[in-house]
Amino acid sequence: MDKRLIVTAAPHVKSANTTQKIMLYVILALMPSLVAANIVFGFRSTIVVGVAVAACVAFEYLFKVITKQKQSIGDLSAVVTGILFAYNLPVSAPIWLVILGSFIAIVVAKQLFGGLGKNFANPALVARLVLFVSFAAAMTHWPAPYYYKEVDMVTTATPLLLLTKDPAALPSLMDMFLGVRGGCLGETSVLALLIGGVFLLWKKVISPIIPVTYIATVALLLWIAGANVPYHVMGGGLFLGAIFMATDYVTTPSTKKGMFIFGLGCGILTVVIRLYGSYVEGVSFSIVLMNLLTPLIDQYTRTKPLGGGK
């Protein structure tokens with residue numbers, strides 16, 4: 001038997017998880033929200049998601065062919081980006097808009113910066129923000145859930161807008177929790193998002209530090225400000241952003257202290273935008289802004305190597 005001591009460079013910790021396996025877990029965790037979206041908004045939810053996924057995969061494939069790089073669609077990251085991007089759209093989004101956003105997410109925000117692991121911000125959120133600024137009308141058209149269509153209502157406002165315009169028209173807290181309200185197709189059901197979040201925690205795909213810190217910071221600051229905490233917390237895309245996008249491996253800090261700072265920053269920015277900005281939401285802007293600060297956060301929270309210098 002060879003008993004020689006073999007010295008190799010770090011890292012020394014090995015894991016059975018691969019990028020493909022992690023992405024598959026994320027896809028599974030996102031499925032309860034798709035089921036909820038189909039129940040609340042109808043089968044067009046699946047059409048929007050399907051188009052976004054197909055477009056994202058196609059754009060990544062074509063980019064690799066054109067640039068003569070090794071194919072990467074097998075890691076399923078493009079599928080995850082497609083689902084998350086679609087979840088940030090109203091169910092009424094035109095198909096051409098879905099395809100355009102997929103191009104921005106995959107080609108502009110991801111591949112032009114070097115591909116998976118090198119993008120500066122979450123690609124799905126970058127695409128959402130570009131479309132929001134460029135096509136505000138299409139991005140803020142909220143079809144009413146089937147529940148409200150019984151009273152001949154075709155469109156509705158999001159709870160965050162109703163808080164400022166017509167509080168008496170707010171849905172019940174149970175409807176807010178289940179997702180029977182206006183909003184992007186993947187963000188409305190808190191129950192479905194929590195099911196997916198618990199699954200990711202169980203599989204140890206994500207850490208609870210960022211989601212818990214983010215949501216708790218928003219709730220605490222809103223309570224101090226005297227705002228309607230339950231509707232603010234369950235309204236908008238706070239749970240979708242905190243669980244599935246603020247936990248992105250590439251664009252968020254890798255240290256525990258850094259994760260706490262990231263979640264805290266996201267929470268503060270979200271509350272500031274919601275209470276003092278001209279936009280009733282704030283999750284997408286907050287996460288992308290904190291994504292830009294991730295390298296700096298990592299630099300100042302990185303663990304000092306044992307025996308290392310300053």
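Me: How many salt bridges does the count come to?
Reply: The model is a predicted one, and side-chain atom pairs count only at pLDDT 80 or more. A pair qualifies when a side-chain nitrogen of Lys or Arg lies within 4 Å of a carboxyl oxygen of Asp or Glu. By this rule the count comes to two.

Me: Which residue forms a salt bridge with Glu 60, and which parts does the pair tie together?
Reply: Glu 60 lies in helix H2 (residues 44-66), whereas its partner sits in the loop between helix H4 (95-108) and helix H5 (123-134), so the pair ties together parts that are 50 residues apart in sequence.

Me: Which residues touch the most other members of the largest nonpolar core?
Reply: In soluble globular proteins, nonpolar side chains tend to be buried together. The largest nonpolar core here has 79 residues, and two of them, Tyr 214 and Phe 244, touch the most other members. The largest share of this core, eleven residues, comes from helix H1 (residues 19-41). Leaving aside residues up to four places away in sequence, Phe 244 has contacts that include Val 26, Leu 84, Leu 193 and Phe 239, and the residues asked for are Tyr 214 and Phe 244.

Me: How many disulfides does the structure hold?
Reply: Cys 184 is buried, with a relative accessible area of 0%, and Cys 266 is likewise buried at 0%. A disulfide needs a pair of cysteine sulfur atoms within 2.5 Å, and the number that the structure holds is zero.

Me: Which residues are the closest to the centre of the largest pocket?
Reply: About 450 Å³ of space lies in the largest pocket, and 23 residues line it. H1, helix H3 (77-87), H5 and helix H13 (238-245) each supply at least two residues of that lining. The closest to the centre are Met 23, Val 80, Leu 116, Asp 248 and Tyr 249.

Technical notes
Residues are numbered from 1 along each chain as its sequence is written. This is a predicted model: local features need pLDDT of at least 70, side-chain atom pairs count only at pLDDT 80 or more; totals for chains, interfaces and linings use all residues. Side-chain values use heavy atoms; hydrogens and water are left out. Helices (H or I, at least four residues) and strands (E, at least two) are DSSP runs, numbered from the N terminus. A nonpolar core is a set of buried Ala, Val, Leu, Ile, Met, Phe, Trp, Tyr and Cys residues joined through side-chain atoms within 4.5 Å. Buried means under 20% relative accessible area, exposed over 50%, partly exposed in between (1.4 Å probe, protein chains only). Contact means heavy atoms within 4.5 Å. On a 1 Å grid over the protein atoms alone, a cavity is a set of points where a 1.4 Å probe fits but cannot get out, and a pocket is an open set with protein on both sides within 12 Å along at least five of seven lines; lining residues have an atom within 4 Å of a point. Grid points are joined across faces, edges and corners, and a volume is the space filled by probe spheres set on the points.
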